[in-house]
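Biologist: Could we go through this complex together before I set anything up with it? I would like to cover confidence, the contact between the chains and some helix packing.

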Amino acid sequence: MELFANLAQGLGTAFSIWNLAYCLFGVILGTAIGVLPGLGPTATIAMLLPVTFGLPPESALIMLAGIYYGAQYGGSTTAILVNLPGESSSVVTALDGYQMARQGKAGRALATAAIGSFFAGTVATLLLALFAPPLADMALKFGPAEYFSLMVMGLVASIVLAQGSLLHALAMIVLGLLLGMVGTDVNSGVQRYTFDLPQLADGINFVIVAMGVFGLAEIISNLENEGTRSAMVKSVTGLMPTREDLRRIVGPVLRGTVLGSLLGILPGGGAMLSSFAAYSLEKKMSKHPEEFGKGAIEGVAGPESANNAGAQTSFIPMLTLGIPSNPVMALMIGAMIIQGIQPGPSVMTEQPALFWGIIVSMWIGNLFLLVLNLPLIGLWVKMISVPYHLLFPAILVFCAIGVFSLNNATFDVLLMAGFGLLGYVFRKVGCEPAPMLLGFILGPMMEENLRRAMLMGKGDPTVFVTRPISAVLLVVSLAMLVTVLAPSIRRKREEAFQE
Amino acid sequence: MTSLSRNPKDLLAGVLYLAFGLAGVWIARDYSMGTSSRMGAGYFPTVLGGMLILFGLLSVIRSFLVPGEAVGTVAWKGLALVVGATALFGVLLEPAGLVVSLLVLILLSASASRMFRFEWRAAVALVALVAFCVFVFVRGLGVPMPLFGSWFGG
């Protein structure tokens, strides 16, 4: 069984004492930052990225993955305890989780979230191990035309499945692509959009963009409605779910896992869509739909399993194709590039220890979450209680020093301030910054593949439709765009996001 | 803005797209276009800029047809203080050193909050945060930041 051989190799990497330590450290750090109200996983990862730059590649990625689950679990903790979902994927957890907490069942809700997440994480990790190799094999046969079309499909799918206005999402992607052009053109050596600044010759580091539009802009937005934040937490007791609880969550956990695993693979899907879909599914399946919103344990178990499964399987397109399906994966790709790894299907064959090590450490990270987070809940409660006005200057400090340490350049700090301003302005006019980050990461890759494909096709753009795989990918993208633009589906989509 | 358009958010977004798109195309006119089989440095950026201009126009036109929300209150104070404090940190780091620029960053940004007042808990947090940065980032991780910059003979 090749699967077991692969996993055994991964165990070898993941179980080195240092990698275990980095995984553990990542999970704890991620949870600690993730529980802080107002900091979602994207901002958390962007902020902690510089910490990992000094590490060897596999340790860095293992730690980042740990930070990701930690941040996500931390977000759920905050959602349950104080009804302040730090990120969109735990919005639905807050609905019933917070009600459970108000009824004195906070411990049971947290345990449910942990158990559901662990089960879903285990299944999704296995799925990842099973499906990554065939997908990577297929992707190895891809030429530049296929890659270009694949990226088009990824970008289109990410906006179709995401929230908000289609026009703005498209425009933000293109803006991101354009920003990705800043720097030296690899083919001609021409300096593009650098304004003769030597600091821009190597392009803009994606960490600067991410910290600016997610970190800084989020802080400014949070300051707008500061008065409404109150984070008073009662002490958490009774962590063990009852037998009745366990009986009730089996179904939701299983369904959430399946749903989340499927939706996580889709570009733009990932954790958020999974949790929303799982919640409405559980509500429809339940014999007591009226309990939902009033502390139904199913309403915690389903979405929590789904968002963890989705978080896990969203690594599949990232690791096998090198295509990010959400901003977190975009950050992961950026981290790989900084570590000198070109993301794509060759990672698995050229660096199997790294690839399988990451996969196995995902499962270990989930195990750490389960065994650590419940006992540490007292600490997390203390962290949640830190008032925001003491917290955000510290976040700014870490962002500023983190960005400085990328290249030891004060110019980058100024650039981050600029992106903070830009991010806030775009938020105010109703444009989500996430598509911009996806475009920014993909920009250079798209241009390179477009150039190569056109060179191979001797300048004839039909090369994208005469090659079958590329044609299929483009047709799928087009179909997705058309369905979203169709009025009836458009209304349904809006309704779905209203819920 | 409200009298001008039925959807100020779309209008402003469209204007922003137009500005970026036009700037993108304008600057890229200095780069060689090449041919479609051998694309020059200007090819892809010009296409992207053109698309952005198109989206900008669509957004502006739509803002006159489809009603939408107002932009809402802008947190000018928070915006200016958070962005300004961060930029000042960048400007001050080398001449004034880490300690001074951290104090500026923390105090300026903190004053953006309505809850800001200088009480003992905040003072302790301030000292602890500066000490943490000095020991962890400079001493521990070796980030090359002067503790006291050239202004203090550092």
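**Helix packing, interface and confidence**

Modeller: Let us begin with a helix pair in chain A: H9(A) and H19(A) are oblique to each other. This is a predicted model.

Biologist: At what angle do H9(A) and H19(A) pack, and how far apart are their axes?

Modeller: Helix H9 of chain A covers residues 206–224 and helix H19 of chain A covers residues 410–428. They pack at an angle of about 55°, and their axes are 7 Å apart.

Biologist: What about H4(A) and H14(A), how do they cross?

Modeller: Helix H4 (residues 57–82) of chain A and helix H14 (residues 327–338) of chain A cross at roughly 165°, and their axes come within 10 Å. The angle is over 145 degrees, and therefore H4(A) and H14(A) are roughly antiparallel to each other. This crossing is right-handed.

Biologist: Which residues form that contact, and how do they divide by class?

Modeller: Ala60(A), Leu61(A), Leu64(A) and Tyr68(A) of H4(A) meet Val328(A), Met332(A), Ala335(A) and Met336(A) of H14(A). The contact of H4(A) with H14(A) divides into eight nonpolar residues, no polar and no charged.

Biologist: Changing topic: how many residues does each chain put into the contact between A and B?

Modeller: Chain A contributes 53 residues and chain B contributes 58 residues. In chain A, helix H8 (166–179), H9, helix H18 (388–407), H19 and helix H20 (434–456) each supply at least two residues of the side that touches chain B.

Biologist: Which of these gives the most?

Modeller: H18(A) does, with eleven residues. By class, the side of chain A that touches chain B has 35 nonpolar, ten polar and eight charged residues.

Biologist: How is chain B divided?

Modeller: Chain B has domain 1 (8–65) and domain 2 (76–152). Taken over C-alpha atoms, the centres of these two domains of chain B are separated by 39 Å.

Biologist: What scores does the predictor give the complex?

Modeller: The complex has an ipTM of 0.93 and a pTM of 0.86. Chain A averages a pLDDT of 84, with 92% of its residues scoring at least 70. Chain B has a mean pLDDT of 88, and 97% of its residues reach 70 or more.

Biologist: Where is confidence lowest in chain A, and where is it highest?

Modeller: The lowest is helix H23 (residues 487–498) of chain A, at a mean of 58, and the highest is H19(A), at 94. Among the elements of chain B, helix H5 (residues 120–140) of chain B has the lowest mean pLDDT (87), whereas helix H2 (residues 43–65) of chain B has the highest (94).

Notes:
Residues numbered from 1 in each chain as written. Chains lettered and ligands numbered in written order. Predicted model: local features only at pLDDT ≥ 70, side-chain atom pairs only at ≥ 80, totals over all residues. Domains from an automatic or database assignment. Axes fitted to C-alpha atoms, helices over the stretch in contact; angles between N-to-C directions. Helix = DSSP H or I, 4+ residues; strand = E, 2+ residues; numbered from the N terminus. Parallel < 35°, antiparallel > 145°, perpendicular 65-115°, else oblique. Contact = placed C-beta atoms within 7 Å. Nonpolar A, V, L, I, M, F, W, Y, C, P; charged D, E, K, R; others polar. pLDDT = per-residue confidence, 0-100. Left-handed = near helix turned anticlockwise from the far one by under 90°.
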